[in-house]
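Keep the sequence at hand as you read.

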Amino acid sequence: MKKLKDFFYDKNDILVALVVLAVAALIVTWRVDVIMDYPSTLVAEAGEHGGESEDGPVIGLPPETTGSAVTSGEAIDNPIDSGADEVDICAVYVNYGEALEVVGANCVTAGLVGSVDEFMTLVNERGAASSIQAGQHYIPSNVTPDELIDYLLQPGM
């Protein structure tokens, strides 16, 4: 009897850890479909509320990562009025780990820079190739190429 008692006392911590691990694995496998559908649920709720959420307006949800990373070319509802020409705000979405050529092509598509080669040259001259931040970047349409790089070096939303 003493040997059995000593065995349970010695192995109790390991047994409890295995039970907790098994319960956690069971819960995750049982709810994985709900966990994976959560982003699409947020998008659907934002669409139902006309872009409004409980916390206020939904400014811009990132595009699907399988499509274009640029949601611009279309101005956001309220362009900046500086008294001169209207300035549109372009939204450029940079995916984590995205190639510099893709970011440059998205900026060209948005009309923020003349060519991908111009963008690549400027980024490489500034040594900023590995410093471009992922996320949604809101950039005025009248930026200079240097200012464009400065916007992309700031953390996106």
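The buried residues of helix H4 pack against strand E3, helix H2, helix H3 and strand E4, which spans residues 135-140. Those buried residues are Leu148, Ile149 and Leu152. They span an arc of only 95° around the axis, so they sit on the same side of H4. The reason lies in helix geometry. An α-helix has 3.6 residues a turn, so residues three or four places apart point the same way.

Now step back to see the whole chain. This is a predicted model. The mean pLDDT of the chain is 75, and 75% of the residues score at least 70. Confidence is not even along the chain. Helix H3, residues 116-126, has the highest mean, at 88. Strand E2, residues 56-57, has the lowest, at 45. Residues 55-82 have a pLDDT below 50, yet this stretch has 44 contacts in the model beyond near neighbours in sequence. Take care with such contacts. Where pLDDT is low, the predicted coordinates should not be read in detail.

The chain is built from four helices and four strands. From the N terminus, their order is α-β-β-β-α-α-β-α. Of the 157 residues, 24% count as buried. Among contacts with a separation of 6 or more, 46% join residues 24 or more positions apart. The chain exposes about 11100 Å², and carbon and sulfur atoms supply 58% of that area.

Next comes helix H2, residues 100-109. Its buried residues are Leu100, Val103, Gly104, Asn106 and Cys107. Seen down the axis, they fall within an arc of 160°, so they line one face of H2. What covers them? The cover includes strand E3 (89-94), helix H3 and helix H4 (145-153). Just after H2, Gly111 takes a positive phi of about 80°.

Helix H3 follows. Here Phe119, Met120, Leu122 and Val123 are buried. Their arc around the axis is only 165°, which puts them on the same side of H3. These buried residues pack against H2 and H4. The face turned away from the buried side carries Asp117 and Glu125, which are exposed. Just after H3, Gly127 has a positive phi of about 65°.

Leu122 has a relative accessible area of 15%. The cut-off for buried is under 20%, so Leu122 counts as buried. Leaving aside neighbours within four places in sequence, Leu122 is in contact with Pro145, Asp146 and Ile149. Leu122 and Ile149 are 27 residues apart in sequence, but their C-alpha atoms are 8.1 Å apart in space.

Val123 is also found in helix H3. Val123 is buried, with a relative accessible area of 0%. Leu100 is one of the buried residues of H2. Ile149 is one of the buried residues of H4. Val123 and Leu148 are 25 residues apart along the chain, and 9.9 Å separates their C-alpha atoms.

The buried residues of H3 pack against H2 and H4. Those of H4 pack against H2 and H3, among others. The cover over the buried residues of H2 includes H3 and H4.

Finish with the aromatic rings. How many aromatic pairs does the structure hold? The count is zero. One ring does have a charge over it: the charged end of Arg31 sits over the ring of Trp30, 5.2 Å from the ring centre.

How values were computed:
Residues numbered from 1 in each chain as written. Predicted model: local features only at pLDDT ≥ 70, side-chain atom pairs only at ≥ 80, totals over all residues. Heavy atoms only, no water. pLDDT = per-residue confidence, 0-100. Helix = DSSP H or I, 4+ residues; strand = E, 2+ residues; numbered from the N terminus. Contact = heavy atoms within 4.5 Å. Buried < 20%, exposed > 50% of the residue type's maximum accessible area, 1.4 Å probe, protein only. Areas by Shrake-Rupley, 256 points an atom, 1.4 Å probe, with all protein chains shown as cover. Phe/Tyr/Trp six-rings, centres within 6.5 Å; stacked < 30°, edge-to-face > 60°. Lys NZ or Arg CZ within 6 Å of the ring centre and 35° of its normal. Arc of directions from axis to C-beta.
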